[in-house]
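Dear colleague,

Here is the structure I promised to hand over, with the sequence alongside. My notes on what was found follow directly below.

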Amino acid sequence: MSVPDYMQCAEDHQTVLVVVQPVGIVPEDQFFRIYKRIASVSQVSIRDSQRLLIRYRHHYLPENNEWGDFQTHRKVVGLISITTCASAKEWPQTAERFHGQKEVYSSTLYDSRLLVFGLQGDVAEQPRTDVAFYPSFEDCPDVEKRVDDFVGSIFIVLESKRLDRATDKSGDKIPLLCVPFEKKDFVGLDTDSRHYKKRCQGRMRKHVGDLCLQAGMLQDALVHYHMAVELLRGVNDFLWLGAALEGLCSASVIFHYPGGTAGKTVARKPSISQPADAGKRHRPGAQEVLIDPGALTANGISADTSTEIGRAKNCLSPEDIIEKYKEAISYYGKYKNAGVIELEACVKAVRVLAIQKRAREASEFLQNAVYINLGQLSEEEKIQRYSILSELYELIGFHRKSAFFKRVAAMQCVAPTIPEPGWRACYKLLLETLPGYSLSLDPKDFSKGTHRGWAAVQMRLLHELVYASRRMGNPGLSVRHLSFLLQTMLDFLSDQEKKEVTQSLENYTSKCPGGMEVITLPDGLKLPPVPFTKLPIVRTGSLTCRIFKPENFQWVQGDVCEVQLMVYNPMPYELRVENMGLLTSGVEFESLPAALSLPAESGLYPVTLVGVPRTAGNITVNGYHTSVFGVNSDCLLEGLPAVKTSGCLVEVIPSLPRLQLSTSLPRSAYTPQPTSKEELSSTVSVQLFNGETQQLTITLENIGSEDIETLELTSKIVSTKEKVFGEFLSWELEEALSHLPLKSGQALTLTVSIKVKLDFSGQENLLQDLNDDGISVTGLPISSPLRQVLKPRPENKTVSSESGKAEYSHIKTLEAVLNFKYSGGAGKVEGYYRELSLGVHVDVEPSVFFTRVNTLPATSTRQCHLLLDIFNPTEHELTVSAKNNQELVLHASECQR
Amino acid sequence: MAVCIAVIAKENYPLYIRSVPTQNELKFHYTVHTSLDVVEEKISAVGKSLGDQRELYLGLLYPTEDYKVYGYVTNSKVKFVIVVDSSNTSLRDNEIRSMFRKLHNSFTDVMCNPFHNPGDTIQSKAFDGIVSGMMVQTASYT
């Protein structure tokens with residue numbers, strides 16, 4: 001016996017085994033349809049108190065059948081064959097085959113049936129108890145009834161066997177029951193010894209116990225098992241002692257847990273005759289409070305006192321069940337050939353412990369089961385074994401252990417020794433291990449917070465998923481898993497691993513580009529898309545506000561609009577980001593994608609994403625899309641930890657014209673500081689002498705698509721410290737306005753004259769000089785002697801002129817902003833306009849200083865001569881003209897009177 | 001002496017894990033990870049019966065073919081796991097206990113560091129030193 005039945009559970013001991021097999025050629029789907037109908041008859045009530053439970057198998061090794069004496073539920077007692085037979089001519093051959101099949105299990109068979117499909121006519125008319133004829137697979141209404149009758153006949157045989165054995169009191173004739181590997185050990189043994197007889201008796205008791213259990217006589221079975229244990233313990237017949245103990249356990253489990261221990265795996269059809277049983281069934285996985293029926297009856301709640309007495313005497317308590325299982329397993333462990341029995345006993349005990357919610361003890365049984373050596377196992381058996389271990393660990397709530405064994409099973413599916421590795425099965429099993437490693441394939445779960453898990457183990461699992469999916473021939477899946485690995489485990493990958501992962505990702509994506517669609521697996525599992533929000537990482541930080549301009553910010557339909565992001569590359573090598581553009585909702589938006597290449601572990605790097613809104617309305621910037629390593633990702637702002645906002649609403653207004661401005665004067669980099677809110681498109685600067693006038697020609701070109709219909713021009717002087725005489729900036733707009741409306745591509749020119757007239761007088765030191773002379777400039781008559789005082793001070797004058805020069809060459813600046821307001825097209829209708837500002841920066845140099853003022857009495861007392869000392873601080877020659885056409889030429893830095 | 005020492009946070013993610021020889025690290029990750037099943041089971045079992053009075057030392061979690069895995073849980077549900085070689089029979093329960101106590105003391109020191117953010121992985125050199133003292137010296141292995 002080499003193949004264990006991992007699905008076995010304690011209550012299977014009370015069932016009888018019926019094998020259902022096809023004979024000849026039977027279509028598989030048809031066979032299983034009939035099989036299912038047969039299997040639905042799992043319980044048959046006989047008389048009032050007894051019932052028979054049936055376990056159906058469509059495959060059973062005759063080798064296992066040989067252990068039938070050891071535990072009778074392993075014995076094939078019934079055979080139902082299903083066959084097709086088209087004509088009467090084929091009938092003899094079919095009947096022959098049926099007999100051949102019966103031969104296989106002949107030693108144990110109680111009864112058999114043959115279901116023939118397709119045969120009609122004379123042969124089918126003959127009434128036979130063991131053969132039923134049906135015209136077709138569809139037309140067989142009484143299959144269940146037939147099976148019911150068949151089970152009834154099995155019961156009669158069972159009952160007769162039980163009575164036969166039970167009443168067999170004389171010890172002389174008791175045959176020795178034995179398991180296959182024991183047979184040769186007993187050759188030549190003294191069959192007359194007390195020891196031998198006791199052994200025979202013990203084994204037979206145990207056998208009768210089994211039969212009683214199968215016949216539904218629980219109390220009798222318990223009594224027989226107890227006696228068997230006593231007998232066998234006396235003769236140290238350990239294997240059978242183990243079996244007797246296990247029988248005791250099984251019977252007790254059946255008593256305590258009428259709902260069964262198999263859990264969801266076996267769906268027994270609840271019989272109408274015993275609805276109470278079905279109701280009491282425990283679900284091991286559920287979180288309900290377990291009410292132990294044994295404990296209840298012990299407290300005297302049970303009404304039926306007869307079973308109470310029996311139970312108290314013979315039935316094991318829930319704790320004892322486990323103790324006896326342990327003992328039984330330790331006895332089985334003494335026999336190398338009983339490995340399967342031991343393993344199955346472990347599994348059964350685990351299921352019982354799972355119901356009792358004693359997970360730790362269950363894990364000890366499982367630990368033991370892991371080490372049971374069944375000799376050479378086929379790969380398939382190994383997979384089955386690991387899978388079942390995983391399932392059992394899951395049953396007792398050891399999810400990590402379960403995941404571990406499932407993963408081992410998955411790896412076994414593709415072991416190098418297997419000629420045709422089952423990558424699909426491997427992949428499926430690997431997916432099932434995910435919860436055990438607290439891994440979810442939804443990147444959203446990861447972005448919520450910091451990583452919480454076993455990175456090393458999780459990474460390994462992800463790598464295996466990638467590999468398995470690739471071998472399955474599904475590169476799309478590999479790309480998805482690899483993307484997930486890169487996105488979520490980036491912080492845990494070494495530089496070398498990053499390189500390897502990205503290289504293989506690029507390999508896969510060259511065949512199958514990754515996208516944003518949800519991948520749905522055949523079993524319904526959905527793999528959400530994995531956007532690379534970390535490649536590159538977007539950090540807007542304090543810039544968020546400026547980038548997205550939340551207040552009073554509008555975009556214009558048809559115009560190129562920009563969003564700036566600060567990104568950085570966390571990878572140790574250059575990162576190529578292609579097709580990077582904005583994701584928006586609202587109005588129609590044409591994104592103009594950009595490609596960029598970020599150097600290795602770059603710092604923050606500004607990226608400007610542009611696009612053109614095609615219609616007016618509200619637009620929301622939700623995020624951006626990228627293509628990295630051949631994977632297209634849509635990254636939403638709400639998923640980015642560094643960005644607080646979940647999107648940004650911008651109003652798009654109808655289209656407006658656009659002007660481009662150029663001037664006759666050179667542009668300057670100089671920007672006037674107090675540029676309130678409006679931004680200057682450019683600034684011109686010019687240097688002028690005080691009083692000079694300069695013409696500034698401004699050319700305005702319509703570079704937009706709409707006509708310019710209105711144009712307004714205003715100016716504002718920025719620096720207000722200085723007193724400005726006259727008009728600083730003046731212009732004639734009429735001429736320019738006559739060109740309106742200005743069509744697209746056309747230009748108009750406008751001349752603005754810049755006139756600077758500043759007051760350079762009244763400077764402190766100038767007045768100082770005058771005061772020193774004691775001269776008042778208030779215009780009082782000044783006597784001539786005073787003039788003499790002045791004369792002998794030439795050195796003083798030079799000093800003053802030198803210091804004066806430094807002082808006078810002081811340049812004053814004048815700044816103004818020319819503001820063009822224009823509008824047109826659809827935007828004008830809604831009252832929108834555009835502004836274009838030109839900064840004008842003028843450095844004003846003084847041209848003429850009047851350094852001294854003196855009066856001389858003139859011929860008339862009513863008049864006086866006003867003497868002015870004029871100083872030329874410039875480097876040029878200049879002419880001063882007065883009213884009476886007197887001209888005075890002043891050379892550079894010259895002072896004349 | 002230990003071949004692997006791990007500190008696991010309340011939420012069951014590793015705060016610290018070190019093993020010798022280092023080339024087989026992943027295997028120990030698996031061992032420690034699966035041992036958490038037993039730890040959880042033990043904690044929940046104790047919680048039911050004894051209330052808050054609880055022995056921190058959990059004893060042998062499970063033996064594998066090559067290793068023995070011991071567990072220890074602080075009152076704040078931080079778990080310590082020590083893996084020792086099965087062949088090392090001289091090691092007694094008391095010694096394992098004292099190792100855990102030393103580990104716990106050092107861990108408390110780490111937590112007292114005002115610059116340490118509870119929940120972050122442990123990077124303390126002092127803690128590392130204590131762990132190194134308890135580990136098998138790699139030299140004796142070669």
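In this predicted model, helix α2 of chain B, residues 93–112, lies across β1, β2, β3, β4 (67–73) and β5 (79–85) of chain B, and its direction makes an angle of about 140 degrees with β5(B). The strands it crosses form an open sheet of five in the order β2-β1-β5-β4-β3 (chain B), with antiparallel pairing. At its edges stand β2 and β3 of chain B, each of which pairs on one side only, and neighbouring strands are turned against each other by 15 degrees on average, with direction ignored. Within this sheet, β1(B), which covers residues 2–8, is paired with β2(B) in the antiparallel sense over five bridges, and there Cys4(B) stands opposite Ser19(B) in β2(B).

As to how the chains meet, 23 residues of chain B are in contact with 19 residues of chain A. The two chains bury about 2,100 Å² between them, and 63% of that area is on carbon and sulfur atoms. Of the area that chain B buries against chain A, 35% is supplied by Tyr30(B), His33(B) and Asp37(B), which is more than any other three residues supply.

Turning to the polar side of this interface, there are seven residue pairs in polar contact between chain B and chain A, counting pairs with both residues at pLDDT 80 or more. The side of chain B that touches chain A draws at least two residues from each of β2 (14–19), α1 (25–50) and β3 (57–63) of chain B, and its largest share, 13 residues, comes from α1(B). Sorted by class, that side has 12 nonpolar, six polar and five charged residues. Two salt bridges are counted between chain B and chain A; one of these joins Arg400(A) to Glu40(B), with the closest N and O atoms 3.4 Å apart.

Over all chains, the structure holds 26 salt bridges. Another example is the one between Glu159(A) and Arg162(A), where the closest N and O atoms are 2.8 Å apart. Because Glu159(A) and Arg162(A) are three residues apart in helix α5 of chain A (residues 143–166), about one helical turn separates them.

Chain A also has an open sheet, in which four strands follow the order β20-β26-β25-β22 (chain A) with mixed pairing. Since β20 (682–689) and β22 (710–717) of chain A stand at the edges and have a single partner strand each, one side of each is left without a neighbour in the sheet. The twist from one strand to the next averages 20 degrees. The partner strands β20(A) and β26(A), the latter spanning residues 834–845, run parallel and are joined by eight bridges, with Val684(A) standing opposite Val840(A) in β26(A).

Elsewhere in chain A, β16(A), residues 617–628, is joined by eight bridges to β12(A), residues 575–586, and the two run antiparallel; here Glu578(A) has Ser627(A) in β16(A) as its bridge partner. Strand β16(A) also runs antiparallel to β18(A), residues 648–653, over five bridges, where Thr620(A) stands opposite Leu649(A).

With best wishes

Terms used:
Residues numbered from 1 in each chain as written. Chains lettered and ligands numbered in written order. Predicted model: local features only at pLDDT ≥ 70, side-chain atom pairs only at ≥ 80, totals over all residues. Heavy atoms only, no water. Contact = heavy atoms within 4.5 Å. Buried area = accessible area lost by both parts, 1.4 Å probe. Salt bridge = Lys/Arg side-chain N within 4 Å of Asp/Glu carboxyl O. Polar contact = N/O pair within 3.5 Å; in protein donor to acceptor, adjacent residues only side chain to side chain. Nonpolar A, V, L, I, M, F, W, Y, C, P; charged D, E, K, R; others polar. Pairing = 2+ DSSP bridges. Axes fitted to C-alpha atoms, helices over the stretch in contact; angles between N-to-C directions.
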